[in-house]
Amino acid sequence: MTDRTMILGMHLGTGYGSQGMSWRAPGVDPANYTDIDAQVRYARAAERGKFAFLFLPDNLAMTRGIDREVPQATLDPMLSLAVIAHATERIGFVATGSTTFNEPYNIARQFKALDVMSHGRAGWNAVTTSDPSAAANFGRTIAERPERYGRAHETLQIVQALWGSWQEDAWVKDPDTGVFVDTDKVRPVNLQGTHVASRGPLPIPPSEQGQPVIFSAGGGEYGLTIAGRYASGVIGAAFTVDDARAQRDAAREAARQAGRNPDEIKYFAGVMPALGTSVRDALNRRIALNEDSFPSRVPYLGAMLGLSLDAGRLDEPLTRAQLAAAQASPFDPRAAHALKVAHQGWTVREILAHGVIDYHPTPVGSAADVADHLQEWFEAGAVDGFWVSPDVNETDIDTFVDEVIPLLQDRGLYPRDYDGTTLREHLGVPYQYGIDPRTA
Ligand SMILES: Cc1cc2nc3c(=O)[nH]c(=O)nc-3n(C[C@H](O)[C@H](O)[C@H](O)COP(=O)(O)O)c2cc1C
């Protein structure tokens, strides 16, 4: 038992799930990509599990591999969330929005509108975008980091200033006096940066949480400065408990450097549970979901282990000689785990089914196995919570909610209900309206 509890976000990146072939899984409608009712169903299931937020990544270009695999984003995160907001009551939303390919006024308006419409449940994952195909869709190229991050700082400050430009008591709406808005309290921001500018004001009143919660994703010095100054949540990616703890500590230190209380920033590591009734069952499900892709992944697995592996021998474990020669590549943080799994005697196909080259750690097995992983990282002080990517949304969100969540609750690690109604309350981060004066 600890005195803090774990905060969970549900990744709704695609209409299907995190596995490329999730669109072909039993019970899944292959047309989910355009079916908002499916997204609503998944959002409601996550809300039943008291998830603090849905996380919607975004790409401003077609993702690779969609000849056979699911696209990595919804049709449009903000439009999807407008519908989902109307169909849910408590769960928060974190949508990704580019600081490079949006003007601050567009971001400020859309996110605050969603925040008001959802009664204080919106969050903005501010990303700088490094994908050349996204740039090409705007007739541009990707600028160097100093320029993109310079624009990001300006955009974040202008967006927050616009959010605060309609003062909290400006909306009189008194039919007797005939005064709708006290325009002395809705003031221009008149901000001119090097990259972006806005006069304002933004004619949208505060929500129940004041304004949307800011998240950031990605690390490095540039990313940490963004997180430290503005973010209340960090969408992280870490393969080991030590790496997660280092990332969390770095985000907290960046907040401290920016004059904030480190407890105001929450760090979330990704996790991709392979959830079944047992380890064997979970592996079988993963194998069925990946049969197309295993042969092409064998060479990479070999490189991680310092071996030349034969894609034609997927169903054999590594030989004694191979295991003796295998070494975890220092260039891939997943390699030590892959080596450990290989030493357990699994076949090459089963090693891959353990998710050893997936984007996030993959606890494999029953609900208890998954809960153990979450508990270990949480109790090690490595995370404030996780963003969870289910293999197949249609089935695995329910399984997680019905089987993993009760275990976490019984272990005293996870709340039994929502404490409040806003995303800020779910995250335990303070109310904010306008620019944070400590970081302006
Ligand atoms: C876990 C995680 C999730 C991310 N999600 C997105 C996303 O959905 N869309 C996006 O454009 N960038 C996303 N990013 C950010 C980019 O991957 C990358 O950090 C960003 O483009 C910054 O690269 P840069 O430092 O070259 O600007 C994510 C980063 C991480 C670590």
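These legends walk through close-up views of a predicted model. Local features need pLDDT of at least 70 and side-chain atom pairs count only at pLDDT 80 or more, while totals for chains, interfaces and linings use all residues. Numbering starts from 1 along each chain as its sequence is written, and side-chain values use heavy atoms, with hydrogens and water left out.

**View 1. The shell around the ligand.**

**View 2. Polar side chains facing ligand oxygens.** Zoom in on Thr128, where a side-chain N or O atom sits 2.7 Å from an oxygen atom of the ligand. Arg145 also puts a polar side-chain atom 2.7 Å from a ligand oxygen, and for Ser130 the distance is 3.0 Å. Taken on its own, the ligand has 620 Å² of accessible area, and the protein covers 75% of that (Shrake-Rupley method, 1.4 Å probe).

**View 3. Arg121, buried without a salt bridge.** Arg121 turns up in the loop between α3 (104–117) and β4 (122–127). This residue is buried (under 20% relative accessible area, 1.4 Å probe, protein chains only). No salt bridge is found for Arg121; that would take a side-chain nitrogen of Lys or Arg within 4 Å of a carboxyl oxygen of Asp or Glu. The nearest side chain of opposite charge, Glu47, is 4.2 Å away. What Arg121 does have is a polar side-chain atom 2.9 Å from the backbone oxygen of Ile91.

Terms used:
A polar contact is a pair of N or O atoms within 3.5 Å; within protein, one must be able to donate a hydrogen and the other to accept it, and residues adjacent in sequence count only if both atoms are side-chain atoms. Helices (H or I, at least four residues) and strands (E, at least two) are DSSP runs, numbered from the N terminus. Buried means under 20% relative accessible area, exposed over 50%, partly exposed in between (1.4 Å probe, protein chains only). Lys and Arg count as positive and Asp and Glu as negative; His and the chain ends are not counted.
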